[in-house]
Amino acid sequence: MGPVAAVIILVTVLITSFISGIFGMAGGIIFMGVLTSLVPVAMAMMIHGAVQMVSNGYRAFLWRRHINWTVFRRYALGSVGAVLLLFALSWRPDKQMVYLMLGLVTLLVWLPKRVADLDIQKPFQAEGAGFVVQALNTVAGVAGPLLDQFFVRTDLTRHEIVATKAITQVLAHFVKIIFWSVPVLMTAGVEALPPAWLILLAAALSMLGTTLGGKVLDRMSDVNFKRGMKYLVTAVGIVMFIKAVGWL
């Protein structure tokens, strides 16, 4: 990895963690898109997973009093099934497929309520979310907009949404790191893993961006939070589709 690519990655970490600190999503999609344009998919997934795990973990710590632990435990139960299935299939997408999946994921923010009345607080929906979100996050790198569909119609506050989503994503990104790093370790060894100094710097910047984003979150209303999240994610999705067809 060259110095220019490293600088771009670190700057992107700061910006996208700030965005995620506000909306609890969107930043991860942008970061994944930048990474896959700079490094191979496997390394992109490992770097993204490590940074996002720290970013989400720190965000969960900041808003820990708002975490809905009942929802998280049910989500974690559902994710176990996805993990078993993914390791059994061992399918890993190429770069263009990742862009396409990222673009498709963003369209989920426009899913009408009449098509799928999702609410993570309802019976069996947290378990279902754990299964599908974990599966998509592992192979595409990001599943924020899908996870958001299970939260947007709940009666949770914006702080509860951001905090609970954050703790679920710590689990999701941890699994992603394992899924993508095991084959690399088996074939190329430790030398093929992302450099430790990059992960450490990125982790520190993600915590800074998350802290700054949290200050903006405090000043937003719940209505503006949900509206802004939808349009931001849509704009990112358009870019992902353009990259998928090779126009960017």
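1. The largest nonpolar core has 59 residues, of which Ile-29, Phe-31, Ile-47, Leu-102, Ile-120, Phe-150 and Phe-151 touch the most other members. A nonpolar core is here a set of buried Ala, Val, Leu, Ile, Met, Phe, Trp, Tyr and Cys residues joined through side-chain atoms within 4.5 Å. Buried means under 20% relative accessible area, exposed over 50%, and partly exposed in between (1.4 Å probe, protein chains only). A second, separate core comprises nine residues, including Ala-60, Phe-72, Ala-163 and Leu-217.

2. The model is predicted: local features need pLDDT of at least 70 and side-chain atom pairs count only at pLDDT 80 or more, whereas totals for chains, interfaces and linings use all residues. Residues are numbered from 1 along each chain as its sequence is written, and side-chain values use heavy atoms, with hydrogens and water left out.

3. Residues up to four places away in sequence aside, Ile-120 touches Val-71, Arg-74, Gln-125, Ala-126, Ala-129, Phe-150, Phe-151 and Thr-154. Contact means heavy atoms within 4.5 Å.

4. The count of salt bridges comes to one, the criterion being a side-chain nitrogen of Lys or Arg within 4 Å of a carboxyl oxygen of Asp or Glu. Arg-74 pairs with Glu-127, and the closest N and O atoms are 3.2 Å apart. The two residues lie 53 residues apart and link distant parts of the chain, with Arg-74 in helix H4 (residues 69-89) and Glu-127 in helix H6 (residues 125-140). Helices (H or I, at least four residues) are DSSP runs, numbered from the N terminus. Arg-74 is buried, at a relative accessible area of 17%, whereas Glu-127 is partly exposed, at 21%.

5. Twelve of the 16 residues of H6 are buried, so the helix is mostly covered. Among them are Gln-125, Ala-126, Ala-129, Gly-130, Val-133 and Gln-134. The buried residues of H6 pack against helix H2 (27-38), helix H3 (41-62), H4, helix H5 (95-106), helix H7 (144-149) and helix H8 (158-187).

6. The geometry of H6 agrees with expectation: its 16 residues should span 22 Å at 1.5 Å a residue, and its end C-alpha atoms are 21 Å apart. The expected span is 1.5 Å times one less than the number of residues. Just after H6, Gly-141 takes a positive phi of about 100 degrees.

7. Ser-206 is placed in helix H9 (residues 196-219) and counts as buried, at 0% relative accessibility. Apart from neighbours within four places in sequence, Ser-206 is in contact with Val-13, Ser-17, Val-51, Val-54 and Ser-55.
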